[in-house]
Amino acid sequence: MSDFLKEKYQLDPGIVELVEASENSLASIFLGREKIKEENQYKVIHAMQKHNLSDQHFNWTTGYGYNDLGREKTEAIFAEIFDTEDALVRPNIVNGTHALSLCLSALLSPGDLMLSVTGAPYDTLHELIGLEGSYPHSLKNLNIKYEQMDLDIIIKDGNFINSARIRELNPKLVYLQRSTGYSFRPAIRISEMEKIIQHIKEQLPHVIIMVDNCYGEFIETTEPTSVGADIIAGSLIKNPGGGIALTGGYIAGKSNLVELVSQRLTAPGIGKECGLTFGTTRSVLQGVFLAPNVVSEAVKGAILASHIFNKLGYSVNPEPNEARSDIIQAICLNSPEKLMAFCKGVQEAAPVDSFVTPMPWDMPGYQDQVIMAAGAFIQGSSIELSADGPMRPPYHVYYQGGLTYAHSKLGIMKALQHLKEIPKNDVINQ
Ligand SMILES: *Cc1c(COP(=O)(O)O)cnc(C)c1O
């Protein structure tokens, strides 16, 4: 055990031993992650080279922002990375929810139907769709209909079922969420997504396939848009920002669809042609350059957490050996005290705000109280190490991010220490 951990963090030696034994047994899985990282790194560098990125693209314009060279270059590079015809990458897309909301409200018209085939979308989209609240601009209020199915309504034992029902619904847009979100299902792998998209397009040749790609970028060597998704959206303070982008969101897809979304972002007739980047192109491009490495570190941390908590008898999702398609590690902690202790430990491991104690709160857009541990350089950044979970049984904690693997490992050790300190709770022999 490192003297530093012993002296400065006063970690229980049993915990450090457990973590290091787990780490050693994961060597071959970690090697697999390195290979994915490498391929993604080449992909990003190649996109920058192909589009002749140069230091003039870190400058920006004023006023309308016509011919903002940095903006145009950044969008061309993102389109290349995501294997699409076009992209929008903007600092005024305020978060992932906004990026997704722009797509849905631009691509759906009154009378159309949106069909989610991965169950309920992420909590923050419920108001937009009209599942909760009553907002004048919700899709529901605009007479855009919504239906959802869980994935197992479509696929059973590897076979597609209920295809007639999908044809009968005849949606304008089929929506998939790649990541787990606040659920306990594995993220959808690109190979599975390919089969699902292919099947849906056989039923509905003209449907728009949209994917919420939040948390999924650079986990595999291809993205949903390489396997038939028409449009994807995500946040720059998650994976593709590499921990460096200060804000923003992206949308990538077919050029006619991206054009429609851009008209929603600005105004009909203006579209992509306007909009300042306020000097953000340097950090956005540097962020996406670093993202394959950062995502790899975060995933290794998630795998380590999965292995340890699985070994301790907790149910975990995904399991340590399972293929991944997002950075999230869900752990079922079964008690509110454990959820709070876990988050306290992760908070104490943070470089920023390590001294605060996370408490459950009513977060806008979420139905239950949520507890969150995060001490990030960028507010709300969840590619930086964080832990969170809704305060409802069975008290799942979602552990994600970590710009470096060692930081994620420290978070796990600190969390284990706090779990051990819950009265009458022996974490190692629970
Ligand atoms: C984070 C997330 C969102 C929403 O993104 P914000 O940036 O928090 O608005 C949507 N979907 C999924 C799967 C996410 O993980």
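How many Å separate an oxygen atom of the ligand from an N or O atom in the side chain of Thr97? The first legend gives the answer, and all the views below come from a predicted model.

Close-up 1. The side chain of Thr97 places an N or O atom 2.6 Å from an oxygen atom of the ligand. Gly96 takes part through its backbone: an N or O atom there lies 2.8 Å from a ligand oxygen. At a nitrogen atom of the ligand, look for Asp212, which has a polar side-chain atom 2.6 Å away. On its own the ligand would expose 370 Å², and the protein buries 91% of that.

**Close-up 2. The shell around the ligand.** Here the ligand sits in the largest pocket. Count the surrounding residues and you will reach 13, with Gly96, Thr97, Asp212, Tyr215 and Lys238 the closest. Helix α5, spanning residues 96–107, gives the most to this shell, with 3 residues. Sorted by class, the shell has 4 nonpolar, 7 polar and 2 charged residues.

**Close-up 3. The largest cavity.** Rolling a probe the size of a water molecule over the atoms shows where empty space is left. The structure holds 2 cavities of 30 Å³ or more, and the largest has a volume of about 80 Å³. Its lining has 13 residues, and Val89, Arg90, Pro91, Thr280 and Val284 lie nearest the centre. The elements giving two or more residues to this lining are α4 (69–81), β1 (86–90) and α11 (281–311).

**Close-up 4. The second largest cavity.** This space amounts to about 30 Å³. Among the residues lining it are Val346, Gly375, Leu385 and His407. The lining divides into 5 nonpolar, 3 polar and no charged residues.

How values were computed:
Residues numbered from 1 in each chain as written. Predicted model: local features only at pLDDT ≥ 70, side-chain atom pairs only at ≥ 80, totals over all residues. Heavy atoms only, no water. Near = heavy atom within 4 Å. Polar contact = N/O pair within 3.5 Å; in protein donor to acceptor, adjacent residues only side chain to side chain. Areas by Shrake-Rupley, 256 points an atom, 1.4 Å probe, with all protein chains shown as cover. 1 Å grid on protein atoms, 1.4 Å probe; cavity = no way out; pocket = protein on both sides within 12 Å on 5 of 7 lines; lining within 4 Å. Sits in = over half its atoms within 2 Å of the grid points. Helix = DSSP H or I, 4+ residues; strand = E, 2+ residues; numbered from the N terminus. Nonpolar A, V, L, I, M, F, W, Y, C, P; charged D, E, K, R; others polar. Points joined across faces, edges and corners; volume = space filled by probe spheres on them.
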